[in-house]
Amino acid sequence: LDPYTGLWSRLERFQPQELAQLLLRRKAVRIVVMRATIHLVSTDDCLLLRPLMQPVLDREIARHPQFGPALLEVDLDPVLAFARSLVAERPRTGAELRAAMEERFPRHDGAALAYACRCLLAFVQVPPRGVWGRTAQVASTTAESWVGRPLAADASIDDVVLRYLAAFGPATVTDVATWSRLTGLREVVDRLRPGLRTFRDERGRELVDLSDAPRPDPDTPAPPRFLPEYDNVLLSHADRSRFVSQEQRARLSRVAGPVRGSVLHDGFLCGIWRIDRDPSTGAATLVVSHLEALTKRATGRLAAEGRRLLRFLASDAEANDVR
């Protein structure tokens with residue numbers, strides 16, 4: 001996920017340097033949480049969410065075709081203790097961690113041990129990785145070492161489910177599981193049910209939501225949106241037909257060339273986007289590959305939003321265009 005484009009699409013007057021400063025000041029971090037993938041979250045959410053997502057990462061180890069079998073008979077306690085001390089000295093790249101593991105534990109697969117550390121320790125990717133306008137190889141240390149605070153010992157999954165509904169409800173229990181990859185969420189929703197409101201969708205499935213959540217009129221216009229690749233709004237429901245059909249997803253997957261993200265029109269996925277740069281002139285072109293023919297009005301609105309995106313992502317370009 002590109003958090004800068006994600007926040008730009010949601011917030012008025014978003015300034016990327018503000019987020020970059022949060023990373024540099026250790027108020028926000030890049031860490032593996034929901035779905036065992038990297039997210040950029042606040043430090044408070046890092047300490048809260050990471051221990052709750054440990055079951056997901058445990059399953060990642062167990063089902064890894066190469067590393068899972070290699071770790072079956074390994075006592076990981078000394079491995080994790082060594083890794084903690086190693087990254088506390090300074091953040092380490094993946095290659096450095098593997099090399100250290102191979103040297104310290106020569107009888108075991110160093111890459112498998114490093115993978116176990118990635119899943120069992122709360123590794124954060126340290127700056128300049130993720131800082132606006134900068135690139136760097138991934139180097140990691142533990143969240144506890146980086147922010148100087150322990151992981152939450154009493155993290156509440158109930159609170160996290162309520163926050164999920166605030167962002168993505170109404171939703172099914174399966175939707176919450178898809179967003180997090182956690183199991184046993186039916187019990188959580190049943191526990192919260194007295195404070196929730198329930199609905200039935202067109203297929204008769206139960207949806208739950210916060211009782212006081214806003215419920216816009218179905219005819220409320222949804223403005224065009226350019227979202228980054230892997231945006232949570234498109235990955236947080238089991239049934240994605242609410243914004244794109246299976247046929248459309250298949251057609252979009254066959255579009256040639258690199259993909260930077262998705263395009264929404266009237267709340268539905270209508271295409272994907274990328275930015276092409278002319279190496280000789282530096283000109284930037286936003287290329288939108290859309291599925292269906294667009295009305296003149298829709299084309300105009302998407303082009304206007306696209307030009308705004310270009311000013312954000314390619315501010316250095318002397319010329320830009322939307323195609």
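User: At roughly what angle do the axes of helix α3 and helix α10 cross?

Analyst: Two packed helices are described by the angle between their axes and the distance between the axes. In this predicted model, where local features need pLDDT of at least 70, side-chain atom pairs count only at pLDDT 80 or more and totals for chains, interfaces and linings use all residues, helix α3 (residues 43-52) and helix α10 (residues 157-168) have axes that come within 10 Å and cross at roughly 110 degrees. Since angles of 65 to 115 degrees count as roughly perpendicular, α3 and α10 are therefore roughly perpendicular to each other. Residues are numbered from 1 along each chain as its sequence is written, and side-chain values use heavy atoms, with hydrogens and water left out.

User: Which residues make the contact?

Analyst: With contact meaning heavy atoms within 4.5 Å, α3 contributes Asp45, Leu48, Leu49 and Leu52, while α10 contributes Ile157, Val160 and Arg163.

User: How many disulfides does the structure hold?

Analyst: A disulfide is a pair of cysteine sulfur atoms within 2.5 Å, and the structure holds 0 of them. Cysteine 119 is in no disulfide, and the nearest cysteine sulfur, that of cysteine 117, lies 9.5 Å away.

User: Is cysteine 119 buried or exposed?

Analyst: Buried means under 20% relative accessible area, and exposed over 50%, with partly exposed in between (1.4 Å probe, protein chains only). Cysteine 119 has a relative accessible area of 0% and is therefore buried, and cysteine 270, at 12%, is buried as well.

Notes: Axes fitted to C-alpha atoms, helices over the stretch in contact; angles between N-to-C directions. Helix = DSSP H or I, 4+ residues; strand = E, 2+ residues; numbered from the N terminus. Parallel < 35°, antiparallel > 145°, perpendicular 65-115°, else oblique.
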